[in-house]
Amino acid sequence: MLILHGIETYHWAVAGLALGAITLLLLWVTNQRLGISTGFENLCALVVKAPYFRRAEVTGSTHWRLPFLGGLVLGGVLSAVTSGGWAPFWDLGLFDEAIGWGPAGKLAWMFAGGLLIGFGTRMAGGCTSGHGIFGISNLERASLESTLAFMAAGIVTSNLVYRLGAS
Amino acid sequence: MNALVYAIFGTLFGWTLSRSGAADYNYIQGMFLFTSFQLYGIIGVAVIVTAPGLWWLKRRGTTAFGAALALKPKPRHPGNVAGGVLFGVGWSITGMCPGPILVNIGEGKLYALGALAGALVGAALFGALYERLPKALRLPALRIGTGDG
């Protein structure tokens, strides 16, 4: 059951099939390799003028990554609208039960985690989509190593927070 | 290719992330705490579907419109693992990887705005510091970057 309106999830096999099909269609139709975290660089490039953000890969992919990122937001909006209506909310499930911080605390916690996501995915050269789904499917060793690293780090961190910290 | 086409692909991907649990804090913790199989099933099936599809597309060598398939592997360097560790900690803290940050904002989860702000500052810092990061990471030359995805 999702935090969003308490609705039931798709079966994992259906969701995995859909994500795989979209990944393949994106390549077959548009000739683009699925990857989301580079989109952070496209967004940064709008305001930060460091040489890193003027690389060809960044300037040359803005035309497709930004509409794709916009679509991700729209997909979330439509999912909320069609499952009980769109309204802003702060519910955070397990975090509310075990840690229980208010909005300011949640924003600070999320900002700290976000820093690690932005810095880490760009150092790693990809995230769950580009390394975890696409890279592993393409039998790339860098992607396999990176995926094992972020899964292991996530497992350790969640266990520290919920099995040691909050108990 | 038209921006609208990419927006549609993004919408389909975002919808699926939203309805599958991949953009839900509880399901992400359930994955890392081994109390839910959902996310392992999703990622596993996505790879099982994508791998043979990629093999076939590469063998075919062209897109739907006959263009040569543009597909280069990501560079391998110690940053794959070091950055992966940082990202994994962030994924656990927020319950979101990059795509779901945007999906959660769309759903109306206000705390996700904090995660997006952090991710953009983190990426900006990484880019600004690129040539001053430890040599031990052996990151590729700036014009190549760490890998795009």
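The buried residues of helix 1 of chain A (12–30) are Trp12(A), Ala15(A), Gly16(A), Ala18(A), Leu19(A), Gly20(A), Ile22(A), Thr23(A), Leu24(A), Leu26(A) and Leu27(A). A residue is taken as buried if 20 or more other C-beta atoms lie within 10 Å of its own, as exposed if 12 or fewer do, and as partly exposed in between, with C-beta atoms placed from the backbone. Helices (H or I, at least four residues) and strands (E, at least two) are DSSP runs, numbered from the N terminus. The model is predicted: local features require pLDDT of at least 70 and side-chain atom pairs count only at pLDDT 80 or more, whereas totals for chains, interfaces and linings use all residues. Residues are numbered from 1 along each chain as its sequence is written, and chains are lettered from A and ligands numbered from 1 in the order in which they are written.

The buried residues of helix 1 of chain A pack against helix 7 of chain A, together with helix 1 (3–20) and helix 3 (38–60) of chain B. Contact here denotes two residues whose C-beta atoms, placed from the backbone, lie within 7 Å. The 19 residues of helix 1 of chain A should span 27 Å at 1.5 Å a residue, which agrees with the 26 Å between its end C-alpha atoms; the expected span is 1.5 Å times one less than the number of residues. Asn31(A), with a positive phi near 65 degrees, follows this helix.

The contact between the chains takes 113 residues from chain A and 103 residues from chain B. On the chain A side, the helices that each supply at least two residues include helix 2 (38–45), helix 4 (62–81) and helix 8 (141–165). Helix 6 of chain A contributes the largest share, 18 residues. By residue class, the chain A side divides into 67 nonpolar, 37 polar and nine charged, where Ala, Val, Leu, Ile, Met, Phe, Trp, Tyr, Cys and Pro count as nonpolar, Asp, Glu, Lys and Arg as charged, and the others, Gly among them, as polar.

Chain B comprises six helices and zero strands, and its C-alpha trace spans about 45 × 40 × 30 Å along its principal axes. Of its 149 residues, 58% count as buried. Among contacts in chain B between residues at least 6 apart in sequence, 47% join residues at least 24 apart. Helix 1 of chain B is largely enclosed by the rest of the structure, because 13 of its 18 residues are buried. Gly21(B), whose phi is positive, near 105 degrees, follows helix 1 of chain B.
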